[in-house]
Amino acid sequence: MRIDLHAHSNASDGTDSPAELVAAAVAAGLDVVALTDHDTVAGHAAAAEAVRGTGLTLVPGAELSCHTDGVSLHLLAYLFDPAEPAFAAERELVRTDRFRRGRAIVERCRELGAPISWEQVERIAGAGSVGRPHIASALVEAGVVATVSDAFTADWLANGGRADVRKHETDPVEAVRLVRGAGGVPVFAHPGAVKRGRTVSDEVIAELAAAGLGGLEVDHVDHDEPTRAHLRGLAAELGLFTTGSSDYHGHRKTVRLGEHTTDPAAYEELLAQASGAEPVHG
Ligand code: AMP
Ligand code: ZN
Ligand code: FE
Ligand code: FE
C-alpha cells in the first residue's frame, strides 16, 4: 500500500486541478491520497468525482493555518464533516482574511519596488484559497526572484520578512477541538520544519495531544533525520500515530507525490478515529 496523506490542488496553492491531482496520484502508483488544501474543502467534490473507476482511495481533508505564541503552524484535518457549522465557520474566517492579507502583501511588495499587482495575483490564484505561494509566483513572473522558494526570504515573504503580513490563524488547541467536534482526525503537519520559521516546543505538542491531537507528520521533506527520530520518540511517548507525506504542490514546489508515505497501520488508526466522513474508494 502506498499512502500519501498531504497534497494540495489549485483549490489552494497547488497547481494541479483536483482531477489532475487524482490522475497524478494514479500515475505515481499511490493507493491512497489525501487532498489537504489550505483552509478549504472546495476541491473535494471534483476529486471525489475524478477517483471513480481508478482504484485510488481519496481521503478528504484540509490543512489549517494556526498560530500560538508567535509561531505559525499547520494542522492537517482528515475525514471531518465539512458541514459541521463551528469548524466550517472558522475555515471561512481564515479564507476571508487571506484576501485582506493578500492585498496588503501585494501593497507592501509594490512599496518595496516589486512591480506586481493584485489583479495578477488573482489571475494566478484563480478560485484558490489565496496565499503567499501565489504572490511568490507573481514575483517570479515579474522577474524579482528566480523561483517561488527564493521569494521565501527575509527580503520578501518569509515569516517576519519585509513583505510578510499576518493573517487570522486559529489557536491550535481550539483547532484540534474544532476538528474533533466535526468528527475529524487532527495531525500536526511538519512540526519540525525549522526552515520555514520558528517551531513550537515539545510542551506545546504535549498540550495538543492532551486536547485530542491524533498524530504527528514525521516523514516530510522539511525534516532532517535527527528531527524525524526525535518526533518519532515524542509520538510514542504521547500515544500519537506518525505519518509520512509529500506535501505535493504541483509545479509550485519540487516534491513529487509519494516522495514520503504513511505506514498502513498508522492509516488504519486514522480511519478508526474518524467519524465525520468516509474515504472515497474509486
Ligand atoms: P500562507 O498560507 O499564505 O501563509 O503561505 C504558507 C505557504 O507558503 C506554506 O504552506 C508553504 O507552502 C509555503 N512556504 C512557507 N515557507 C516556505 C519556504 N521557506 N519555501 C517555500 N515555500 C514556503
Ligand atoms: Zn501550500
Ligand atoms: Fe503546511
Ligand atoms: Fe501543505
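Which residues coordinate the iron ion (ligand 3)? Select Glu63, His74 and His190: their OE, ND1 and NE2 atoms, respectively, coordinate the iron ion at 2.0 to 2.2 Å. Donors here are N, O and S atoms within 2.8 Å of the metal (3.2 Å for Na, K and Ca); water is not among the atoms, so sites may look incomplete.

The model is predicted: local features need pLDDT of at least 70 and side-chain atom pairs pLDDT 80 or more, whereas totals for chains, interfaces and linings use all residues. Residues are numbered from 1 along each chain, chains are lettered from A and ligands numbered from 1 in the order written, and side-chain values use heavy atoms, without hydrogens or water.

Remain at the iron ion, whose donors follow the spacing E-x10-H-x115-H. Glu63 lies in strand β3 (residues 57-68) and His190 in the loop between β5 (185-189) and α7 (202-211), so the pair ties together parts 127 residues apart in sequence. Strands are DSSP runs of E (at least two residues) and helices of H or I (at least four), numbered from the N terminus. Glu63 is buried, at 1% relative accessible area, as is His190, at 7%; buried means under 20% (1.4 Å probe, protein chains only).

Next, display the zinc ion (ligand 2), 5.7 Å from the iron ion.

Then select Leu64, Leu75, Phe87, Phe188, Leu213 and Leu216, which touch the most other members of the largest nonpolar core, a set of 29 residues. Such a core joins buried Ala, Val, Leu, Ile, Met, Phe, Trp, Tyr and Cys residues through side-chain atoms within 4.5 Å. Finally, select Val106, Ile124, Ala136 and Ala151, which are included in a second, separate core of 20 residues.

Methods. Buried < 20%, exposed > 50% of the residue type's maximum accessible area, 1.4 Å probe, protein only.
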